[in-house]
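Work through the exercises below on the structure shown. Each task is followed by a solution in steps.

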Amino acid sequence: MSIENLNNSIEHDQLTIYQVVRGDVAELDALLQQDELILDRVTVSSFHETPLHIAAMRGHLQFAQALLNLKPKLAEELDSLCRLPLHLASAEGYSHIVKELVTVNPDACWARDQDGRIPLHLATMKGRVAVVKELVSVCPESIREKMDNGETILHLCVKYNRLEALKLLVETVRDDEFVSAADDNGNTILHLAAILKHVQITKYLLLETSIKENANTLNKNGFTALDALEHSPMDSKGLEIKIILLEREALLREPVNGGIIT
């Protein structure tokens, strides 16, 4: 077979699979009866996405289950952006598909895409709390996987303003050192919340977490969270956060039984 004919054959396989990947398991069965090797040919081709990637992205649970039963190794295939099907299902919030994928390939929890993100990072960035719960239950240690710039999963919660995911992860870890961890610039999650002017997250951090005891931690510029806020453009949210941080500083200076609150 010539290269041109081979490429045409692969393109035909790809088009056929794309047409079938609409969540219809009966259509898949019919296709495989006609050509039982089509999944194998698509997998070894230069296909940007496998049928399982598409099913994961579209939320087709039964179709994904059928593909995993037929060819479990599809759960290990990367697309052109180095993403597994688990990355896509996690980002889209399809917790039932996530459960199926991690059952077949639990190591997928640790796989990084071309931007260095594991599936839990993507679920957190999108605020997919149900998926975060599922991934943490399967791979609890993946919570501690950092981004390339030293950001923790908690930094991602703050960066993308995902308060519910933040609460879940803080309550799951229950580790004061982890909650107070800094990124490569020395910024804690309180620094980041102040810089990005996330009012509700700032309130939560100072009222409900151990970071309130380290509110004056300095980043690599020698700034506290309040200092970092002062060096950002000020608006109504910034003023609200400034008041919250100043009240915390005042509280730290209040004498208690002859001492100072710490």
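A cavity is a set of grid points where a 1.4 Å probe fits but cannot get out, and its lining residues have an atom within 4 Å of a point. The model used here is predicted.

**Exercise 1.** Find the cavities of 30 Å³ or more and state which residues line the largest cavity.

Solution. 
1. Searching the whole structure gives 1 cavity of 30 Å³ or more.
2. The volume of the largest cavity is about 50 Å³.
3. Its lining consists of Ala215, Asn216, Thr224, Ala225, Leu226, Leu245, Arg248 and Glu249.
4. Two or more lining residues come from each of helix H15 (225–230) and helix H16 (236–253).
5. H16 contributes the most, with 3 residues.

**Exercise 2.** Which members of the largest nonpolar core touch the most other members?

Solution. 
1. The largest nonpolar core holds 65 residues.
2. Those that touch the most other members are Leu135, Leu154, Leu166, Leu205 and Leu245.
3. Helix H11 (residues 163–173) supplies the largest share of this core, 7 residues.
4. For Leu205, leave out residues up to four places away in sequence; the contacts are then Leu166, Ile189, Leu190, Ala193, Ile211 and Lys212.

**Exercise 3.** Search for aromatic pairs, then locate the charged end of Arg144.

Solution. 
1. The search of the whole structure returns 0 aromatic pairs.
2. The charged end of Arg144 lies over the ring of Phe178, at 5.2 Å from the ring centre.

Notes:
Residues are numbered from 1 along each chain as its sequence is written. This is a predicted model: local features need pLDDT of at least 70, side-chain atom pairs count only at pLDDT 80 or more; totals for chains, interfaces and linings use all residues. Side-chain values use heavy atoms; hydrogens and water are left out. A nonpolar core is a set of buried Ala, Val, Leu, Ile, Met, Phe, Trp, Tyr and Cys residues joined through side-chain atoms within 4.5 Å. Buried means under 20% relative accessible area, exposed over 50%, partly exposed in between (1.4 Å probe, protein chains only). Helices (H or I, at least four residues) and strands (E, at least two) are DSSP runs, numbered from the N terminus. Contact means heavy atoms within 4.5 Å. Rings of Phe, Tyr and Trp (its six-membered ring) pair if their centres lie within 6.5 Å; planes under 30 degrees apart count as stacked, over 60 as edge-to-face and the rest as tilted. A charge sits over a ring if NZ of Lys or CZ of Arg is within 6 Å of the ring centre and within 35 degrees of the ring normal. On a 1 Å grid over the protein atoms alone, a cavity is a set of points where a 1.4 Å probe fits but cannot get out, and a pocket is an open set with protein on both sides within 12 Å along at least five of seven lines; lining residues have an atom within 4 Å of a point. Grid points are joined across faces, edges and corners, and a volume is the space filled by probe spheres set on the points.
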